[in-house]
Amino acid sequence: MCDRRENYEYVGALGKGMQMYDPVTLDLIWYKPDITCSSHMQALLDVNGDGVTEAVALYQSGSRGGVCVVDALSGVPLPGKCQNGLNLTNDAPFSIHDIDGDGNYEIVTAAGSNVSVWDVGRWGLDATLAYSKNPPKMADVIGDDRLEIVLAHYDLIIYDGNYNEI
């Protein structure tokens, strides 16, 4: 679950940031109170291919936002994979997929900005695309069994796995 950060807007605010609950008992297992991520959901997937599920959330902080990848069972951040101030914008559910086929997941996000494509494995920006109010979606538009980035703001723009307009 995602929430506002602790002390958001005023001291004593009860936000818990990234959170994980037991699905049977609904008991809180862990939380990261320093991350504001209330407008989207965490992505649950094996980011680094080690067979362990991670939780991925974006810091919701205007143009300075970042990414946090944690072990989904413990809430402990993966080394070097939890950082704010990456100039990523987010205020809605983001897309995440290995869009360019390099073996790493890419996060595709925007919030009234140019779209950023962040490579979670390499931990760097892969591409900056056209302006969008919200994060683009992904779909197999051209029927090649690969996902393309579908950006629909002013115009419909489709990007292939090399981030070229098609």
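Trp-118 and Trp-123 are both buried, where buried denotes a relative accessible area under 20%, exposed one over 50%, and partly exposed a value in between (1.4 Å probe, protein chains only). The model is a predicted one, in which local features need pLDDT of at least 70 and side-chain atom pairs count only at pLDDT 80 or more, whereas totals for chains, interfaces and linings use all residues. Residues are numbered from 1 along each chain as its sequence is written, and side-chain values rest on heavy atoms, with hydrogens and water left out.

A pair of aromatic rings is described by the distance of the centres and the angle of the planes. Rings of Phe, Tyr and Trp (the six-membered ring of the latter) were paired if their centres lie within 6.5 Å, with planes under 30 degrees apart counted as stacked, those over 60 as edge-to-face and the rest as tilted. By this rule there are two aromatic pairs. Trp-118 and Trp-123 make up an edge-to-face pair, with 5.6 Å from centre to centre and 85° between the planes. Tyr-131 and Tyr-154 form a stacked pair, at 6.2 Å centre to centre and with 20° between the planes. Because Tyr-131 belongs to strand β10 (residues 124-132) and Tyr-154 to the loop between β12 and β13 (156-159), this pair ties together parts that are 23 residues apart in sequence; strands (E, at least two residues) and helices (H or I, at least four) are DSSP runs numbered from the N terminus. Tyr-131 is partly exposed, its relative accessible area being 34%, while Tyr-154 is exposed, at 70%.

Trp-118 and Trp-123 also belong to the largest nonpolar core, which has 15 residues, and they are among those with the most contacts inside it, as are Val-56, Val-67, Val-69, Ile-107 and Val-120. A nonpolar core is here a set of buried Ala, Val, Leu, Ile, Met, Phe, Trp, Tyr and Cys residues joined through side-chain atoms within 4.5 Å. At least two residues of this core are supplied by each of β3 (43-45), β4 (54-58), β5 (65-71) and β6 (77-88), and the largest share, three residues, comes from β6. When neighbours within four places in sequence are left aside, the residues in contact with Val-56 include Met-18, Met-41, Leu-45, Val-67, Val-69, Phe-94, Ile-96 and Ile-107, contact meaning heavy atoms within 4.5 Å. A second, separate core has 13 residues, including Ile-99, Val-108, Val-117 and Tyr-159.

In the loop between β8 (106-109) and β9 (113-119) lies Ala-111, which is partly exposed, with a relative accessible area of 28%. The C-alpha atom of Ala-111 is separated by 7.6 Å from that of Ala-92, a residue 19 places away along the chain. Apart from residues up to four places away in sequence, Ala-111 touches Thr-89, Asn-90, Asp-91, Ser-132 and Lys-133.

Backbone angles were also examined. Most residues other than glycine have a negative phi. Asp-145, however, which is not a glycine, has a positive phi near 65°; Asp-145 is located in the loop between β11 and β12 and is exposed, with a relative accessible area of 73%. Tyr-163 likewise has a positive phi, of about 65°, although it is not a glycine. Tyr-163 lies in the segment after β13 and is buried, with a relative accessible area of 13%.
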